[in-house]
Amino acid sequence: MLMGDQEQLLSYNGEVLIFHLSKTTHVEGATDKTTDLCVRRMVFNRDSNLFDQKSSGVFSMHGSHLKSGIICCSCTTDSRTGIILPCILMKKKKRNNVVKYLVLLLHSSNQFEQSFHFKLDYELKEDIRLFTGPSVLWRHANKLFYISSGTCSIRSAPVQLSSVVWTGEIANEGTVVLGIRTASLPEREDVEFSTSDRAIWGSEFFGFAVETEKVLTGPCFMPHAYSSVISSVYICKSEMWRKRLRISLVAVTRKNQLVWFQDGLPKGVCELPYEKPCSVKAAVTSSSDLLFIVSFTSGNSCVVQKKDSLQVVSQWEKVKSVLVDDFIFSGSEQLLVLFKNDSGTDVLSTFKLTDLGMVNYASGISYKRDVPAAEGLQENGLLTVKALETRLQAGHTSVQELRQHLRLKKRVILESCRALIDLVEERTHVLPMAKEVKCRRNNRSLLCLVSLWDDVENTQSLSEDTTLASEVPEHFTEKLWQRVVGDSLVVGVKLIEPFYLSLSDVSLSLVMDKNFSVISPIIECRNKIIKLNKAFSTLAVSSCEMEPPPKKMKLDLHCKNDVEKEFPMTCSRDQPGGAKTVVAVTSLSPLLAFHRVCCTVVLHAKTQKRQSDSLQESKKITQVCGKVLLGLEDISNGKYSIKMLRDNNYCTGSMEDILAVLAVSVRFSFQILSSDCTLTPVKSWLLEEMECIPFKECHDHIFCHKAGDVYGTVFNWTLKNPFEGVLTLFCRNLTVLFQCLHSLTRVLPPSCDVKLLRSGSKTVLTEKLALALEKELLTSRYSFFPNERKAETGFTWGSEPSKKISDANMTSLLDSEEGIQKFRKQLQDEREECVLRMNQTMNGALYQEIALKTSESQLCSDKIVWSLS
């Protein structure tokens, strides 16, 4: 078959379809002529390395052969069945310059079906495209026209454009036409493009949805500046992500470049080997490589591979056409390069079939005859590739499972955040039930969120929390305040004395009010408990940082909620008398990114209830203390800054300022012993060299006003006797600590001994350890052996009192047969009673309660042991 102007090629399901027009006379001697549209289906034969004809078909039309022609052909979707079929656009010239156009569909039986026809008074020449329907789209006089099989009437799009660069399907938009039009000044102030961009470039890139007649702006495809140089586009992927259109595409430019765009931004560029590129299409080969085939007006073609970067991997000259399909039926695509020839032979006589990898066929070459050694090498190579592909697939499966696990963890965290927000805003949060939960498909995987506990137990715990919350007084806080110290935000809540005395493990959480869908609304912070006596004579700080590194990890399933797992737990000690302040410290700079933030302060604690067995029953409460506002303007004006000024012989910082400084500082206590002389130089060193001034509100603590890094350090000097004292420093970091110690050692006598203290004296810690171990022993004894408690009160395990056998009774029983039987029965009863004692069973709730009490007691003793070490 000769390749002329009336011949078109199309690839369809691995076959090459050759359409050709021929003239025939049906009746001999008649003047009426018809034109036949012939089609041949060609299939590649791997044995002969040639294309063989599989079948053929004919469609006859009335009219002169010279006045008919094939405009274009493409594979489109038939809207009636959803099947992709070859579609051909034909033309027939008539009188008065009227041109009739026919749209034909080719079925698998080689039967042609005329879908529809239309007439125009001009010929189609510019940007003709076939798409779903079938439908025909073209450009004429800078206007866009289209017609479909459903309407059979020509419609004009309400847009003007100078060129069409792509037509196809885009997610949630249907059929979209991408084109370039002359830029116009914006009619409204809220348009995407600025006036300067339009004035400079003079054109803009846009999309037009055919079904909805919606105009898509260019930034989601590529930057505005590229609109003046784009000649063709190929969209690789389009999807809707969080109500936003995400598109990946490649475009060829008149600057001889191939540019890769991702979400409207250029991600890669490649220089092309020839000038004037006119079209680009893609292929996916057996090695999962994405190839872009670029055609040029000169008849040349090249292939660009996308891996880490775009690079030209092959190029050919004098190319007639490049088809992409699975011609060897291997499950992946190959490139069929058809070359121009002047010898008058068939169009498929000179070709190259390749995937730039293991598949490589060319016309006129027989691999079995010319290169026999390559067959075994190719077979070994294929086996190696299959093994590597298997390993790659296994790795890909592992990656998918890991991604699924990470997505599930993210959903769990977000669900926990929603529950906390509902709790803060006093709404009821409904957890998904294990039996009623519906799984949502996400990337072909099932992700489910179910309750970790049984529904009945959850209902009971909720009712208990509700009852407990009702017992908590409405106003249990005296004051809510905030301060900014350096790069830290300090939020404090002062609790009323009667309320605090019944609590333990008190902590604060900061929750941002704004509904964040991407980031967590929970602010990471650390907590401290600061106790002030009524006379302000002493001040004790319990810091969460003083924790034993090797302590055991014991979970509190009832009393540790999700927020407390996120934040460090407060380490508090109940001491009678005095009010206490709970302080939360968090980093300030991340919050300033939002310019202005409103946070809800939530208090978490456990109530303590004394039981008859001297153990404590703890229940969790959560209360909203109020809200704090934070803005850049307030920080710039120093609204929340600490003010430590000198007033005669005192420092005039308020109590909140003192607490804020102590909260952001790290505490270190040192025992100073002197055997030869008194420790009077320490006080002189503090007042003179360190320029310290006592607080007006708390005389025992003094504030350092010395210029330099040590400014702001707080000291507490307690003299037990003239030869022994404890110096406590509250400093910002270790560098300041070392500077203070270096200055102190220069004024102390050489015989002085300075020792770092953990927390409290050794005698007090020893007494605490003894009490903690006793509590741990009683907890284990009463939990696992409840009958011991009954034994102390005169009761035994069985329903009747235990009858022990004495030596005298044993002698009398063994004298007769009845006595032996009675003795045997008593011995059997004691054995069964012993077994019952050792094999006690308990339900899950009781075991959980026992494990919780045991863990709490062991954790307390572990902390004291660490402090003593």
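Let's start just past helix α10, at Glu-691. Glu-691 takes a positive phi of about 55°. Helices here are DSSP runs of H or I, at least four residues, strands are runs of E, at least two, and both are numbered from the N terminus.

A word on what you are looking at. This is a predicted model, where local features need pLDDT of at least 70, side-chain atom pairs count only at pLDDT 80 or more, and totals for chains, interfaces and linings use all residues. Residues are numbered from 1 along each chain as its sequence is written, and side-chain values use heavy atoms, with hydrogens and water left out.

Back to α10, residues 680–689. Which of its residues are buried? Val-682, Trp-685 and Leu-686. Buried means under 20% relative accessible area, exposed means over 50%, and partly exposed is in between, with a 1.4 Å probe and protein chains only. The buried residues pack against β43, β44, β45, β46 and α11. Contact, by the way, means heavy atoms within 4.5 Å.

Compare α9, residues 655–664. There, 10 of 10 residues are buried. Among them are Glu-656 and Asp-657.

Now the cores. A nonpolar core is a set of buried Ala, Val, Leu, Ile, Met, Phe, Trp, Tyr and Cys residues joined through side-chain atoms within 4.5 Å. The largest has 25 residues, and Leu-489, Leu-508, Val-601 and Leu-603 have the most contacts inside it. Elements giving two or more residues are β32, β33, β37, β38 and β39. The largest share, 5 residues, comes from β38. Apart from this core lies another, of 24 residues, including Ile-672, Val-682, Met-690 and Leu-727. Val-682 is also one of the buried residues of α10.

What does Leu-489 touch, leaving aside neighbours within four places in sequence? Its contacts include Val-484, Ala-584, Val-585 and Leu-630.

On to the rings. Rings of Phe, Tyr and Trp (its six-membered ring) pair if their centres lie within 6.5 Å; planes under 30 degrees apart count as stacked, over 60 as edge-to-face and the rest as tilted. That rule gives 16 aromatic pairs. Tyr-101 and Phe-118 are stacked, because their centres are 5.3 Å apart and their planes are at 20°. Tyr-101 is in β7 and Phe-118 in β8, 17 residues apart. Both are buried. Trp-260 and Phe-292 form a tilted pair, 6.1 Å centre to centre, with 50° between the planes. Trp-260 lies in β19 and Phe-292 in β22, so the pair ties together parts 32 residues apart in sequence. Trp-260 is buried at 11% relative accessible area, and Phe-292 at 0%. Ring pairs also link Tyr-101, Phe-116, Phe-118, Trp-138 and Phe-145 into a cluster.

Last, confidence. pLDDT is the predictor's confidence in each residue, from 0 to 100. The chain averages 75, and 73% of the residues score at least 70. Residues 187–196 stay under 50, with 11 contacts beyond four places in sequence. Residues 532–578 are also below 50, with 118 contacts beyond near neighbours in sequence.

Buried residues make up 42% of the 869.
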